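Here's a quick walk through this chain, one feature at a time. Have the structure open as you read.

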Amino acid sequence: MVKPTDKIEIPKFIKWAGGKTQLIEQFIPLFPKKIERYFEPFLGSGAVFFYIIEKYKPKEILLSDINKELINAYIIVKTDVERLIIELKQHKEYYKADSKKYYYEIRSVDPTLLPSLEQAARFIFLNKTCFNGLYRVNSKGKFNVPIGAYKNPDIIQEDKLRKVSKILQTVQIKVMSFEKIIKLAKKDDFIYFDPPYDPLKKGTSFTTYSKGNFLDPEQKQLCDVFQKLDKKGCKVMESNNDTEFIRGLYDKYDKVHVSAKRMINCNATKRGNINELVIRNYKV
Ligand SMILES: C[S@@+](CC[C@H](N)C(=O)[O-])C[C@H]1O[C@@H](n2cnc3c(N)ncnc32)[C@H](O)[C@@H]1O
């Protein structure tokens, strides 16, 4: 388990592009002092959520994302973890026997035809065994990431899944596009936005988390939602790239830099430290 601080563990159970585990320590001084209701509408692997629930113990939490398979996996971890572990054990056995053949066989299955338990097990299995834990779909919505080069991928993680299941018991989880948050959030609620980032160079975004893109119109729409929540008296924090476009959109809000180790090039071997923005409508 990753330990961003001495005290708090982040038991995230999937790998996700743009995951925030490595940034939590820099986020700690930026979070509000008190959090009673928490919303995370771009959930991904939920690194920030796992920190917030442990540290602040909010009374109400709503986690959401537009990716149906991702949210289904969370719901199954919450509601049916023991049967999920059994399914994952089966995947592990077959994968051990002939990894490549089995991976591509499972990848070719249409997840929408599977019952939700099997769909969640397939999603977690592919996440653990595919290249870099990427989630990428083609224009027809079909998962198309190749197999990763793992000798012994940790497909089951029984203890972690049980721990996450316990944590999720009091949490609401649903498939939802981010703009729906406007109707749900109230004064003093805390919302953390971690959208697909505005690319540093236009046209170079190489991660797609679901069918459909997140381009300039969506970034503008998100900024509009940010402003509406601000007017309602919510506390809002957003991560994004430090681009002229994003700075322009969030002109009047507080911005600080955090330093992230990231791929800075389509070539996965080129990694570097990048200053990304944290935008907030409040000061601590
Ligand atoms: C940068 S990732 C979030 C990473 C996450 N914070 C973590 O620690 O793993 C962005 C997420 O936004 C989701 N997403 C994309 N478009 C969306 C939309 N319109 N509404 C809600 N979620 C969306 C993607 O499915 C993806 O999980």
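## A strand pair

Keep in mind that this is a predicted model. Let's begin in β5, where lysine 235 is the bridge partner of phenylalanine 190. That bridge belongs to the pairing of β4 (residues 190-193) with β5, two strands that run parallel and are joined by four bridges.

How much of β5 is buried? Six of the seven residues in this strand (residues 235-241) are, so β5 counts as mostly covered.

## Two helices crossing

Now over to α3 (residues 68-79) and α6 (residues 116-129). Their axes sit 9 Å apart, and the helices pack at an angle of about 110°. Angles of 65 to 115 degrees count as roughly perpendicular, so that's the label for α3 and α6.

Which residues make the contact? On the α3 side you'll find Glu69, Asn72, Ala73 and Ile76, while α6 brings in Ser116, Leu117, Gln119, Ala120, Phe123 and Ile124. Sorted by class, the contact between α3 and α6 has six nonpolar residues, three polar and one charged.

## Threonine 112

Go to the loop between α5 (99-107) and α6, and you'll land on threonine 112. Is threonine 112 buried or exposed? A residue is exposed if 12 or fewer other C-beta atoms lie within 10 Å of its own; threonine 112 has 9, so it's exposed.

## Two positive phi angles

Which phi does lysine 57 have? A positive one, about 45°, even though lysine 57 is not a glycine. Look for lysine 57 in the loop between α2 (47-56) and β2 (60-65). With 12 C-beta neighbours inside 10 Å, lysine 57 counts as exposed.

Glutamine 157 isn't a glycine either, yet its phi is positive at about 50°. This residue lies in the loop between α6 and α7 (158-168). Glutamine 157 has 18 other C-beta atoms within 10 Å, so it comes out as partly exposed.

Note on methods
Residues numbered from 1 in each chain as written. Predicted model: local features only at pLDDT ≥ 70, side-chain atom pairs only at ≥ 80, totals over all residues. Axes fitted to C-alpha atoms, helices over the stretch in contact; angles between N-to-C directions. Parallel < 35°, antiparallel > 145°, perpendicular 65-115°, else oblique. Contact = placed C-beta atoms within 7 Å. Nonpolar A, V, L, I, M, F, W, Y, C, P; charged D, E, K, R; others polar. Buried ≥ 20, exposed ≤ 12 C-beta atoms within 10 Å, placed from the backbone. Pairing = 2+ DSSP bridges.
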